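Hello,

Here is the structure I promised to pass on. Have a look at it first, and then read my notes below.

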Amino acid sequence: DAEASVPSVATNGAQVQAVDDGNDVVKVTPGIMRKVQQALVDAGLNPGPVDGVSGAKTVAAIESFQKQNGIPAGKLTKKTLRTMGVDF
């Protein structure tokens, strides 16, 4: 039964991609946050330690990245992650 649900999840994901979901907020795991922090370092910003924990420096660096890329600042959206090259 568990295997039967996997294709429907994949199909739902493909359908979601077909619409503009860039403003959807992503539920960030420590693993994604580490990727985000590394992407910020790679972009020349300082998110603090690449530790998977979002602190004040990480939030400020994300907002700087968003402003530099014409993305509304604040929430970690799918558009932000795609622009960073971070898989989610």
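On the face of H2 turned away from its buried side sit the exposed residues Pro-30 and Asp-42. Here buried means under 20% relative accessible area and exposed over 50%, with partly exposed in between (1.4 Å probe, protein chains only). Helices are DSSP runs (H or I, at least four residues), numbered from the N terminus.

The buried residues of H2 are Ile-32, Met-33, Val-36, Gln-37, Ala-39 and Leu-40. They cover an arc of only 160 degrees around the axis (taken from the directions from the helix axis to the C-beta atoms), so they lie on the same side of H2. Helix H3 (56–68) and helix H4 (78–84) are what they pack against. After H2 comes Gly-44, with a positive phi near 85 degrees.

A word on the source: this is a predicted model, in which local features need pLDDT of at least 70, side-chain atom pairs count only at pLDDT 80 or more, and totals for chains, interfaces and linings use all residues. Residues are numbered from 1 along each chain as its sequence is written, and side-chain values use heavy atoms, leaving out hydrogens and water.

The pLDDT is the predictor's confidence in each residue, from 0 to 100. Its mean for the protein chain is 85, and 80% of the residues reach 70 or more. Confidence is highest in helix H2 (residues 30–42), at 98, and lowest in helix H1 (residues 2–18), at a mean of 44. Where pLDDT is low, the predicted coordinates should not be read in detail.

Best wishes

Technical notes
Helix = DSSP H or I, 4+ residues; strand = E, 2+ residues; numbered from the N terminus. Contact = heavy atoms within 4.5 Å.
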